[in-house]
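Subject: Structure for you to look at

Hi,

Here is the structure I promised to pass on. Please open it first, and then read my notes below.

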Amino acid sequence: MAFGGKRVGQVVTGLGGNGVGRVLVAVAAALLFRLFSGPGPALLPDSEPEGHDENDEFDGDGGAGEKLVPGNVFPMTIRWRNITCSLSDKASKSVRFLLNNVSGEAKPGRLLAIMGPSGSGKTTLLNVLAGQLIASPRVHLSGLLEVNGKPSSNKAYKFAYVRQEDLFFSQLTVRETLSLAAELQLPEISSVEERCEYVNNLLFKLGLVNSADSRVGDAKVRGISGGEKKRLSLGCELIASPSVIFSDEPTTGLDAFQAERVMETLRQLAQDGHTVICSIHQPRGSVYDKFDDIVLLTEGALVYAGPAHEEPLAYFSKFGLLAKPRYHCPHHVNPAEFLADLISIDYSSAESVSSSQKRIDGLVESFSQQSSTMLYATAITNRELSKSSPKLSKKTGIKKKGGWWRQFWLLFKRAWMQASRDGPTNKVRARMSIASAIIFGSVFWRMGRSQTSIQDRMGLLQVTAINTAMAALTKTVGVFPKERSIVERERAQGSYKLGPYLLSKLLAEIPVGAAFPLIFGAVLYPMARLHPTLSRFGKFCGIVTVESFAASAMGLTVGAMVPTTEAAMAVGPSLMTVFLVFGGYYVNADNTPIVFRWIPRVSLIRWAFQGLCINEFSGLQFDHQNSFDIQNGEQALERLSFGGSGIGETVIAQSRILLFWYCTTYLLLEKNKSKYQRLELPPPDQIQLEQQLESFNTDFVEKRSQLEPPLEQVQSNLQLESPPSDQVRPFILEGL
Ligand SMILES: Nc1ncnc2c1ncn2[C@@H]1O[C@H](COP(=O)(O)OP(=O)(O)OP(=O)(O)O)[C@@H](O)[C@H]1O
C-alpha cells in the first residue's frame, strides 16, 4: 500500500518516532494477540494453588475449600460498649454528640438492624463498628469494641462492608464480575471448573441466576436492576468469606419487592453463620420480620437494643400502668412504623416538638437505666464462644494473593473488556473525533504553499494539539473518580496491588485510545492537505496518539487528587489551560517572567505542537517573492524556536510526561488511602463500671439458665424502672 512512496510497515515503526513507541505498540499487539487467540479462562497462566492444602482444617482464613461449603463461616460476636462519637465545632465552641454512650451486640447467625430516624446516627454507628469512620480532627471517638470477647480492631477479622452506592465496571456481566473478583481474591481456586462451580453457587445463593449473563450497565446503558446490583455488591464482598457483613441502608432506592429480596438475602447469609449488621430507615412489616435483633437509635442515643419481633413492642408497652400501656402498638400497625414514629420528633407544631422531645428523652433515660438487663440477657459468654468457635488465629485476616503478573493479566482482561465493550462512549468519541476533524479540515481546507499558509499550518497544528489533549483529558476525568472508588474498595479487600492495575489500564486502553486520534488524523490530514507522505501521516498520528495518552495520564492524576467527578471536571481543564498558554504558539517562554519558564518543558501541548510542526514543516518549500519571505519549513521552525530539534526528542519528552503523570497517580492513590478514626478507650471509671457489668452479665446468664425466672418478674422489674409518668408523655400514633 503506497502513500507518498512509503510502506505501512514503516508507518508502524515510525509511530512515536523512537524506541518507546515501538515497544508500546509491540507489547499491545502481543497482548491483544493473546487475548484473541482463545477462550478467556484457558489463557490464564498455569498457576499452582499456593500453599493450599485440601486437608487443612477449618481455621477461618477463608481457603477455597472452606468457601465452597455453605455455612462454613468463622463465627464472630461483636460487642460494643459506651461508644461515644462527638463532633466539635471550633467556631461556636460547641460539641455535638453523634453517638452517645451506645452499647450493643451482634452475634453470628443473627441479622441485626440499626433503626432510627434520619440523622439519628445509624450510618455513624455502622461505620464505627466496621472501623470505617473517616478520620477528622473535629471528631472524637471513644468506647470499647470487642470481637469474640477480645478488644480488637477490624483488621483482626474478615468483614464485608456493602455501601449505599453500587460501583461496578459497567460493561462486565454479573457472572464476569463475580468470576473476576473470585479470580483476584481466590487464587487458590485454579481450575476453571471449580471456579465456575463456585460462581454458580454464589449466583444461586444471591438469586442472580436469571441475570447472570446481563451486563451490569450504567446511566448510559440500562443493565441489571437496583436490587440485583445490591445483591451483586454483596456477592463481591462474600467472596472474601467475611465473618461479619455490614450493610449501609441496603434497601435505599429499591422498590418494596426488591428491598424484600435484598433483606431475604441478608437473612439467609445470617442463617449461614455470618454476623450481619445493617442500618435501615423504616422497613416494611415483612422486612422487619426478618430481623433477629434491633438497635433503636434516636439523636445518637439508644432507645432499645435487643431481640426484634415482639420484644421491643412488649418493652415499650410496659411504660405506664399494665392496665393502660402508654406505647402500645395496635395489631394492624407495622411494628417498624410504630417504632419509627415512637422515636421521631414530631415537627408539626411547637407543642408536638416539645412533647415528642420529652417522650424521647424519657425513653433514652429509661433504657440507659435498664440496658444492662436488656442488652446482656442473651449475651454469649466467653466460655460458650471458646466451646463453639475454632481457635482464632493470626491467620484469620491474612489471605494469600496471586502473583504480580497474574493480577496484571486479570486486570488487563477486565480493563480491555470495559474499554472495548463500551459502545455508546466509543461511538460518541468517534463521532466527536470525526466532527472536529471535519470542522478543522473545512476551516483549513487544502492549504497551499503560500506565505499565509505558514500561519494557517501553525494554527491548525496548535488546535490539533489542544483538541487531542482536551478530548483525552475530559474523557478520563469524567470516568476515573468512579473507577477509583471501585479500585479503592477492591484494594481494601487486598485483591491486588496498584502497579499491576495501572500498567494493565495503560496497556489495555492503548488500542481503543489510539483509535480516536487515528480517526481524527485520517479525516483531517487529507482535508487540510498537510505534508502529503505516508510516513509524515504516520508520524502525525503517532504524535497525537502519544499526546492523547499523556493527557489521559494527567486526567488520572487529577481524578486521583480530587474527591469527585465534578471537582475533577473543574480542575482538569483549568490545569490544561496553563499548558495550553505555554503550548508553543501563543507565547514565547523567553519573554515571560523567569518563574514561568519551566512550564513549556512540562506542557504536553507544547511538545505535541513542536513534534507536529517539525513533522509538517521540515522539507517543505513555500512560494516566496521577497527576500524576507520564509522560503522553506526549516526557516518557519526557526521562527518558532523549534529549529535543530527532532521528532524523537519531542516524543521522548511526551513519554516522560506520561510517565510522570502515571507515577504521580500511583503515589496519590497510594497516599490518599482513606484514614479511619481511631477508637479511644473510654475514661477508666467507665471501664470499671463495664467490668462490673460483665460479671453481672455472666452471673445473670448463668443464674437465668438455672432458674429461668418467670417473665412476669422481669416485667415487674422493668415496670419499676420505667420513667415517672410526668417525664413520659402519652404517645399517640398519627392517623390512628
Ligand atoms: N463527619 C461529619 N461531620 C459533620 N457531621 C456529621 C459527620 N458525620 C455525621 N454527621 C452528622 O451526624 C448525624 C448522623 O449522621 P448519620 O449519617 O449517621 O445518620 P443516619 O441515621 O444514617 O441518617 P440517614 O438515615 O439520613 O442516612 C447527621 O446529622 C450528620 O449530619
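Leaving out residues up to four places away in sequence, I277 touches A106, L112, I114, L126, L129, V244 and F246; touching, or being in contact, means that C-beta atoms placed from the backbone lie within 7 Å. Please keep in mind that this is a predicted model, in which local features need pLDDT of at least 70, side-chain atom pairs count only at pLDDT 80 or more, and totals for chains, interfaces and linings use all residues. Residue numbers start from 1 along each chain as its sequence is written.

I277 also belongs to the largest nonpolar core, which has 172 residues; I277, F246, L302 and A550 have the most contacts inside it. Such a core is a set of buried Ala, Val, Leu, Ile, Met, Phe, Trp, Tyr and Cys residues joined through C-beta atoms within 7 Å. Helix α19 (residues 534-561) gives the most to this core, with 14 residues. Where does the core lie? It lies between domain 1 (8-33 + 430-479 + 515-671) and domain 2 (78-158 + 241-397 + 687-721), because both give residues to it; the domain bounds come from an automatic or database assignment.

For the protein as a whole, there are 26 helices and 10 strands. Both are DSSP runs numbered from the N terminus: helices are H or I with at least four residues, strands are E with at least two. Buried residues make up 42% of the 736 residues. A residue is buried if 20 or more other C-beta atoms, placed from the backbone, lie within 10 Å of its own, exposed if 12 or fewer, and partly exposed in between.

Is R261 buried, exposed or partly exposed? R261 counts as partly exposed, because it has 19 C-beta neighbours inside 10 Å. It touches G207 and G227, again not counting residues up to four places away in sequence. R261 and A551 are 290 residues apart in sequence and 44 Å apart in space, C-alpha to C-alpha.

Finally, the unreviewed UniProt entry annotates residues 506-528, 540-561 and 567-587 as "transmembrane region"; such annotations may be inferred rather than shown by experiment, and the positions are given in the numbering used here. Residues 506-528 are 96% helix and 0% strand, with end C-alpha atoms 31 Å apart. For residues 567-587, the values are 71% helix, 0% strand and 29 Å.

Best wishes

Methods: Contact = placed C-beta atoms within 7 Å.
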